[in-house]
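Dear colleague,

Please find below the structure that I am handing over to you. My notes on it follow directly after.

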Amino acid sequence: MTQTNITTDQLALLSLKSQISSDPFHYLDESWSPTIYVCHWVGVTCDYRHQRVKSLNLSDMALTGRIPRDFGNLTFLVSLDLGRNNFHGNLPQEMVRLRRLKFLKLSLNKFRGEIPSWFGFLEQLQVLNLQRNSFTGFIPPSLSNASRLETLVISDNLLEGNIPEEIGNLHNLKLLSIQYNMLTGSIPFTIFNISSIQVIAFTNNSLSGNLPNGLCNGLPILKKLYLSGNKLHGHMPTSLSNCSQLQILSLFENDFDGPIHSEIGRLSNLQILYLGSNHFTGIIPQEIGNLVNLMKLAVEINQITSSIPISIFNISSLQFVSLWSNNLKGSLPREIGNLTKMQFLYLEENRFTGEIPKEMRNLVELEVLNLEFNSFSGSLPMEIFNISRLRNIALSGNNLSGTLPPNIGSTLPNIEILYLNSLTNLVGTIPHSISNCSKLTRLDLSRNKLSGLIPNSLGYLTHLNILNFRGNNLT
């Protein structure tokens, strides 16, 4: 009897091999042979107690093929991983016989057709990953019958329709990712009652409606909430502050409006806060300074009218700040020098005034600095040109005056983009040393008062694709 069963498994695997049209690295050509004991085949693990195949891992082997119908004869299979290959076609209905299956990973293939409703019959299933295939149609409500599911990833497909309310019955779910599809309708409130859930990812669909006021009342251990790139609207729920374990909150590219609530300052574990491209109004609350673990803050393209609260400059963990295209006003305080881990700072298209603080020199990790199209005044800050990691400097459209530093080529060895056009009083000559900025791709010094010759050595900037000197006094 044992011999018959293992033979059954061997025949099912040989049938799979016969459906594989390309095995460029010969993983199966050399190993999967009737002359070799099946439990010694590449990717195969057996349960020696029952003498049956319990695990099949063919991930990342560049295989091309289909799954045959008699694959369903591997009835002792507990784990199946075919990820990162080129399997295609529909999943055969005979796979419903794999009742012991706990882990099913088919991501990064070319499977098509509808997501099978028979997944709901796999009652032992804990992990289902169908990411980045070509599945179409609707999410079957019967998925909720696989009540032991902890991970459900069906992102990066061509799914449409609503998210079934029945998904809220998966009371053991920890990770739910349905992002990058074409789903519509509102998010079922039942999902916000799955107390075990840690990650919700619905990015880049066409989901609409409001978020429920009691959003976080039933999500005590939620760590990551991705809702960006949808059509959600209404106010940000104040109950978000009850998601005390939240580390990532991503709401950008929606239609949220109203204020950014001060209660957000209670999310002390927050590391990433993305609120850009909405219709938020009012001020950035002072309480945001309580987010002592925050690394990335993005509130760009909104209608924020206040100055930046001084408390933000005490968040020493900040690495990325994007507040561009608002109506922010006031000056940048000297405390900006506290942000020594800052790498990307985008403050362009606002109404900032005053001088650019000399304390910017403390931002030694800075790679991108964009202060364009504000009303900064005073001298061109030489301190900025000594931050050697800078790849992108954009100061255009401000009331700055001064000259270009003569040693710019040695102090900015990594500079790729330099936008210093339309300044009030940028005078002097173009320094020869700029030709040592060998990584420069874009150089715009137009609409200034530069004089003298254009250095011949600029011809050494072989990566340059944009060069603009118009509107100066060059000879």
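**Findings**

Y27 counts as partly exposed, because its relative accessibility is 33%. Please keep in mind that this is a predicted model. Y27 belongs to helix α2, which covers residues 27-31. Together with F25 and V42, Y27 makes a nonpolar surface patch of about 270 Å². F25 is exposed, with a relative accessible area of 55%.

Aromatic rings come next. Nine aromatic pairs are found in a search of the whole structure. In the pair of F25 and Y27, the ring centres are 6.0 Å apart and the planes stand at 55°, so this pair is tilted. Elsewhere, F320, F344 and Y346 are linked into a cluster by ring pairs. R100 lies over the face of F76, at 3.8 Å from the ring centre.

The whole structure was also searched for disulfides, and two were found. Counting bonded cysteines along the protein chain, their pattern is 1-2, 3-4.

- C39 is joined to C46, with an S to S distance of 2.0 Å. The torsion about their S-S bond is about -95°, so this disulfide is left-handed. C39 and C46 are both buried.
- C216 and C243 form a disulfide with their sulfur atoms 1.7 Å apart. C216 lies in the loop between β16 (208-209) and β17 (224-226), and C243 in the loop between β18 (231-235) and β19 (248-250), so the pair ties together parts that are 27 residues apart in sequence. Both C216 and C243 are buried, and their link is left-handed, with -95° about the S-S bond.

Lastly, C437 counts as buried, because its relative accessibility is 1%.

Yours sincerely

Key. Residues are numbered from 1 along each chain as its sequence is written. This is a predicted model: local features need pLDDT of at least 70, side-chain atom pairs count only at pLDDT 80 or more; totals for chains, interfaces and linings use all residues. Side-chain values use heavy atoms; hydrogens and water are left out. Patches are made of residues with over 30% relative accessible area and no salt bridge: like charges are joined within 9 Å, nonpolar side chains (Val, Leu, Ile, Met, Phe, Trp, Tyr) within 5 Å. Accessible areas come from the Shrake-Rupley method with a 1.4 Å probe; for residues, only the protein chains shown count as cover. A salt bridge is a side-chain nitrogen of Lys or Arg within 4 Å of a carboxyl oxygen of Asp or Glu. Helices (H or I, at least four residues) and strands (E, at least two) are DSSP runs, numbered from the N terminus. Buried means under 20% relative accessible area, exposed over 50%, partly exposed in between (1.4 Å probe, protein chains only). Rings of Phe, Tyr and Trp (its six-membered ring) pair if their centres lie within 6.5 Å; planes under 30 degrees apart count as stacked, over 60 as edge-to-face and the rest as tilted. A charge sits over a ring if NZ of Lys or CZ of Arg is within 6 Å of the ring centre and within 35 degrees of the ring normal. A disulfide is a pair of cysteine sulfur atoms within 2.5 Å.
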